[in-house]
Amino acid sequence: MGVTVLSWPSDSELDKIRKIVAEMAGVAVDVVRIVVSPYRICPLGAHIDHQGGTVSAMTVDKGIILGFVPSGDPQVLLKSGQFSGQVSFRVDQIQLPKHIDKSNGNTLEECKWGSYAKGALYALQRGGNHLKQGIIGFICGTKGLDSSGLSSSAAVGVAYLLALESANNLNISPTENIEYDRLIENEYLGLKNGILDQSAILLSSYGCLTFMDCKTKKHKLIHPPKLEMEKKSETKIPYKILLAFSGLKQALTTNPGYNRRVSECREAAKILLKASGKEVEPILSNVEQEEYEAHKSKLEPDLARRAEHYFSENMRVIKGLEAWGSGNFEEFGKLISASGLSSIQNYECGCEPLIQLYEILIRTPGVYGARFSGAGFRGCCVAFVKAEYAEEASLFVKKEYLKVQPHLASYLNQETSVVICDAGDCARII
Ligand code: GLA
């Protein structure tokens, strides 16, 4: 097999960032370090990570780039390609969670984007690390892809963690960084999400699907079979990933819907566990399938649907693992679309434009399967498509979405309203 050259980030993107940082810090271009932190997709295993379920994930060849140099003292100074202003703070200042430290709950744009960097410092401090070295950095995400359900927030959090660790010569494992990013989101920002996003970003490997048991935190990387690739006598992956944007953007931390669903799942777990005579943490992964079957009639209709999503999604992930491992993309795609439907009908988290995009995608020529990406309250749908159909599929989706959502579609740049991606690699310093 040949060596795969990833198309992202390109040399010109990196050069641009190195120049900006060199100018900010007054140093030579070649001392600038770069973190690349890709966006992730979750084909199967949606909304079950916070309940300790098993999820599947992969990164794409788009994401966050953070250029930085150690600042030589405790001062952090950051600028962003997307947001105005600059963020500055010291790494020897103790950080408190945002809901406790009201002075941090500033609504200024520059302070909001800076909260992930402060959150990274908070997490490292919580882990017992005493940082001495700040960074001077410039952060920049792939244009138009922020707040899209591709987990740009975890990609940003991971990028700051890796940069601060590198500047302070801290040797931290991916497993520890998964926990640190959890501290940023759950404790510092107060979002009760699971560990899917950062696990995907930190553990993925080009061309593999990552399976992660969010209860035991064990993961494995599954390659599609070599046979399939060799038959086609190519090293290229035979599918593309389509991202179809709805035009709706809202950060999850500002939407109460996500935490509400987490509470409902816990409530369902509480009832099922009580009926089974078990006294353990009320999360659905603590309920056995048989216990669920025996006691599900005790759940009110809403809670019954949330639990049904959890148990059926876990099953789809297990089937998906087999399908992916045997190179059966048709079957894998069907499972993704079934997962999408369960998110709509059982988890009830889709909004109209995303449901319309989902419906368009599953009838698009060449598409194996589709679902909405991330939590489903905004952002984009993700689809696996036969590589040779990618362009045609992208045009079809743009045309059809314009018909059903002319207003939202008018906000989208028609060039980038559907993006064709390849698989990506894990977050790293280059
Ligand atoms: C968001 C959360 C994740 C996960 C997904 C839905 O991305 O941050 O923890 O729950 O939604 O699968």
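Let's start at the ligand: one of its oxygen atoms sits 3.0 Å from an N or O atom in the side chain of Asn193. That pair falls inside the limit for a polar contact (two N or O atoms within 3.5 Å; within protein, one must be able to donate a hydrogen and the other to accept it, and residues adjacent in sequence count only if both atoms are side-chain atoms). Arg40 also reaches in, with a side-chain N or O atom 2.8 Å from a ligand oxygen. Taken alone, the ligand exposes 310 Å², and the protein buries 96% of that. These areas come from the Shrake-Rupley method with a 1.4 Å probe, and for residues only the protein chains shown count as cover.

Before going on, a word about what you're looking at: this is a predicted model, where local features need pLDDT of at least 70, side-chain atom pairs count only at pLDDT 80 or more, and totals for chains, interfaces and linings use all residues. Residues are numbered from 1 along each chain as its sequence is written, and side-chain values use heavy atoms, with hydrogens and water left out.

So who else is around the ligand? Twelve residues surround it, and the closest are Arg40, His47, Asp49, Asp197 and Tyr258. To be counted, a residue needs a heavy atom within 4 Å of the molecule. By class, this shell has five nonpolar, four polar and three charged residues. Here Ala, Val, Leu, Ile, Met, Phe, Trp, Tyr, Cys and Pro count as nonpolar, Asp, Glu, Lys and Arg as charged, and the others, Gly among them, as polar.

Asn193 turns up again in the second largest pocket, as one of the residues closest to its centre, along with His50, Asn186, Arg266 and Glu281. The pocket has a volume of about 420 Å³. Its lining divides into five nonpolar, seven polar and eight charged residues. On a 1 Å grid over the protein atoms alone, a pocket is an open set of points with protein on both sides within 12 Å along at least five of seven lines, a cavity is a set where a 1.4 Å probe fits but cannot get out, and lining residues have an atom within 4 Å of a point. Grid points are joined across faces, edges and corners, and a volume is the space filled by probe spheres set on the points.

Now for the cavities: the structure holds three of 30 Å³ or more. The largest has about 70 Å³ of space, and helix 12 gives the largest share of its lining, four residues. Helices (H or I, at least four residues) and strands (E, at least two) are DSSP runs, numbered from the N terminus. This lining has nine nonpolar residues, two polar and one charged. About 40 Å³ lies in the second largest cavity, whose lining has six nonpolar, three polar and no charged residues.

Last stop: His309, in helix 9 (residues 301-325). Is His309 buried or exposed? His309 is buried, because its relative accessible area is 1%, and buried means under 20% (exposed is over 50%, partly exposed in between; 1.4 Å probe, protein chains only). A polar atom of the His309 side chain lies 2.8 Å from the backbone oxygen of Ala46, and a polar contact of 2.8 Å joins the side chains of His309 and Ser342.
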